[in-house]
Amino acid sequence: MHWYVDVLKKYAVFSGRARRQEYWMFFLFNLIITIVLAIVDAALDTQVLQIVYGLAVLIPGLAVAVRRLHDTGRSGWWVLISLIPLVGFIILLVFLASEGKPEANEYGPNPKYAPAV
């Protein structure tokens with residue numbers, strides 16, 4: 001759960017690098033919370049909770065995706081490739097699942113070996 005909270009603490013931090021584990025654990029917890037909210041919204045016959053939650057995690061989700069792309073040595077602007085139907089999403093998924101560069105790059109040192117703060 002700390003991976004999810006750590007991403008929320010870096011609410012709008014688009015600089016630096018994010019490990020694969022940080023990104024995918026945030027994604028997993030985000031998915032679980034969305035499913036639970038969908039069930040609650042279905043029981044209440046509304047969509048308010050999903051919309052509010054989606055808006056609340058939009059910026060942190062983009063920020064962690066940009067930091068994840070930085071870890072692979074790519075610019076954060078690559079997140080926009082997902083706007084290309086079907087193919088863009090697949091390409092972005094491959095980029096997000098790729099292993100980060102082991103050496104330091106222009107976005108900072110490798111977070112895998114950086115000391116915990």
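This is a predicted model: local features need pLDDT of at least 70, side-chain atom pairs count only at pLDDT 80 or more; totals for chains, interfaces and linings use all residues.
User: How do I read a helix pair, and at what angle do the axes of H1 and H2 cross?

Analyst: Look at the axis distance and the crossing angle together. The axes of helix H1 (residues 2–9) and helix H2 (residues 20–44) come within 8 Å and cross at roughly 100°. Angles of 65 to 115 degrees count as roughly perpendicular, and H1 and H2 are therefore roughly perpendicular to each other.

User: Which residues make that contact?

Analyst: H1 contributes Trp 3, Tyr 4, Val 7 and Leu 8. From H2 come Gln 21, Glu 22, Met 25, Phe 26, Phe 29, Asn 30 and Ile 33. By class, the residues of this H1 and H2 contact are eight nonpolar, two polar and one charged.

User: At what angle do H2 and H5 pack?

Analyst: Helix H5 (residues 87–97) packs with H2 at an angle of about 125°, the axes being 9 Å apart. That makes H2 oblique to H5. Here Arg 20, Tyr 23 and Trp 24 of H2 meet Leu 93, Leu 96 and Ala 97 of H5. The contact of H2 with H5 has five nonpolar residues, no polar ones and one charged.

User: Next, the surface. Which residues form the nonpolar patch?

Analyst: The members are Tyr 11, Phe 14, Ile 51, Leu 55, Leu 58, Ile 59 and Leu 62, and together they have about 630 Å² of accessible area. Helix H3 (48–56) and helix H4 (58–71) are the elements that give two or more residues. H4 gives the most, with three residues. Phe 14 is in the loop between H1 and H2.

User: Last, the charged pairs. How many salt bridges does a search of the whole structure find?

Analyst: The search finds four salt bridges. In one of them, the side chains of Glu 22 and Lys 10 meet at 3.8 Å, N to O. To place a pair, check where its two ends lie in the chain. Glu 22 is in helix H2 and Lys 10 in the loop between H1 and H2, 12 residues apart, and the pair links distant parts of the chain. Glu 22 also belongs to the contact of H1 with H2.

Definitions and conventions
Residues are numbered from 1 along each chain as its sequence is written. Side-chain values use heavy atoms; hydrogens and water are left out. Axes are lines fitted to C-alpha atoms, for helices over the stretch in contact, and angles run from 0 to 180 degrees between N-to-C directions. Helices (H or I, at least four residues) and strands (E, at least two) are DSSP runs, numbered from the N terminus. Angles under 35 degrees count as roughly parallel, over 145 as roughly antiparallel, 65 to 115 as roughly perpendicular and the rest as oblique. Contact means heavy atoms within 4.5 Å. Ala, Val, Leu, Ile, Met, Phe, Trp, Tyr, Cys and Pro count as nonpolar, Asp, Glu, Lys and Arg as charged, and the others, Gly among them, as polar. Patches are made of residues with over 30% relative accessible area and no salt bridge: like charges are joined within 9 Å, nonpolar side chains (Val, Leu, Ile, Met, Phe, Trp, Tyr) within 5 Å. Accessible areas come from the Shrake-Rupley method with a 1.4 Å probe; for residues, only the protein chains shown count as cover.
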